[in-house]
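Have a look at the model first.

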Amino acid sequence: MKTQKKVCAIHDISCVGRCSLTVALPILSAAGVECSVLPTAVLSTHTGGFTGFTYRDLTEDITPISQHWQTLGIGFDAMYSGFLGSFEQLDLVAGLFDTYRGDGLVMVDPVMADEGKLYGVYSPEMAQGMAKLCAKADIIIPNLTEAAFILGEPADNWEGPHSEAFVTETLRKLAKLGPSRVVLTGVTFESGKIGAAALDTVGGKVGYAFSKRAEGHFHGTGDTFGSAMLSGLLNDMSLQDSMQLAVDYVSASIELALATSRERRYGVPFEQALPMFMKRLGLL
């Protein structure tokens, strides 16, 4: 039996609405990965489609948690960051990468924007800081809006359709920040299909993964994608195969959402697609 991989997921907890840690923890666990968590904030719901939500910033808890872990000699095979609760957390998370990365993988999902706009709790200053955090990663997985803010460019081409030249140029610009692998989500070349593109700077090859496009916005799919992508990598799948797995898993979760009457703001039922996901990983 092979040694179980360990990952630290650094995301917020949105108590209702499938996203962040309530997505990352079950998906990584189903992939056979031991998932430890470091919450960046606690919200009563996620911020998309809900009003009146509570928000507790956990910036002051990050260093004490890390200090306790160090007394236990804890290490990880991967560090996986998502939504950060404050500007100060950018430097704190960068420090966590330095402390725990070892020979492991660092993946940053710069969760801060979508559909051409920054999230309401983010500022342009924080977007610039996120670019510095991305520079410390081995792999980053922004959507097109986040890529634009990271690069300091207009975020007006998020909807597409996109040209291969535009996608390749964006991937290469992001790679210049420092990560050896870049995955760009929300890529579309034609109506009816959407997916992701990946660049591995070793060899410089660009790969694509697409699925059927569903109209509308589905909350939590970015976290579902990132968690599935990391699951593939930690199960020794290639970058291309991990990306295709993540695209297919998100697509299957959206198909299940469309078959129900549940409000979309509660996220996609990724739980019901876990058997397919686990079979693709060879775990069922």
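**Overall build**

With 284 residues, a compact globule would have a radius of gyration near 19 Å, and the protein chain agrees with that at 17 Å (taken over C-alpha atoms; the globule rule is 2.2 Å times the number of residues to the power 0.38). Keep in mind that this is a predicted model: local features need pLDDT of at least 70, side-chain atom pairs count only at pLDDT 80 or more, and totals for chains, interfaces and linings use all residues. Residues are numbered from 1 along each chain as its sequence is written, and side-chain values use heavy atoms, leaving out hydrogens and water.

- The C-alpha atoms of the protein chain fill a box of roughly 55 × 45 × 45 Å along the principal axes.
- You'll find 9 helices and 13 strands in the protein chain (DSSP runs: H or I of at least four residues for helices, E of at least two for strands, numbered from the N terminus).

**The α7 and α8 pair**

- Helix α7 (residues 221-234) packs on helix α8 (residues 239-258) at about 140°, with axes 8 Å apart (axes are lines fitted to C-alpha atoms over the stretch in contact, and angles run from 0 to 180 degrees between N-to-C directions).
- Residues meeting here include Phe 225, Met 229 and Leu 233 in α7, and Leu 245, Tyr 249 and Ile 254 in α8 (contact means heavy atoms within 4.5 Å).
- The residues of this α7 with α8 contact divide into 12 nonpolar, 4 polar and no charged (Ala, Val, Leu, Ile, Met, Phe, Trp, Tyr, Cys and Pro count as nonpolar, Asp, Glu, Lys and Arg as charged, and the others, Gly among them, as polar).
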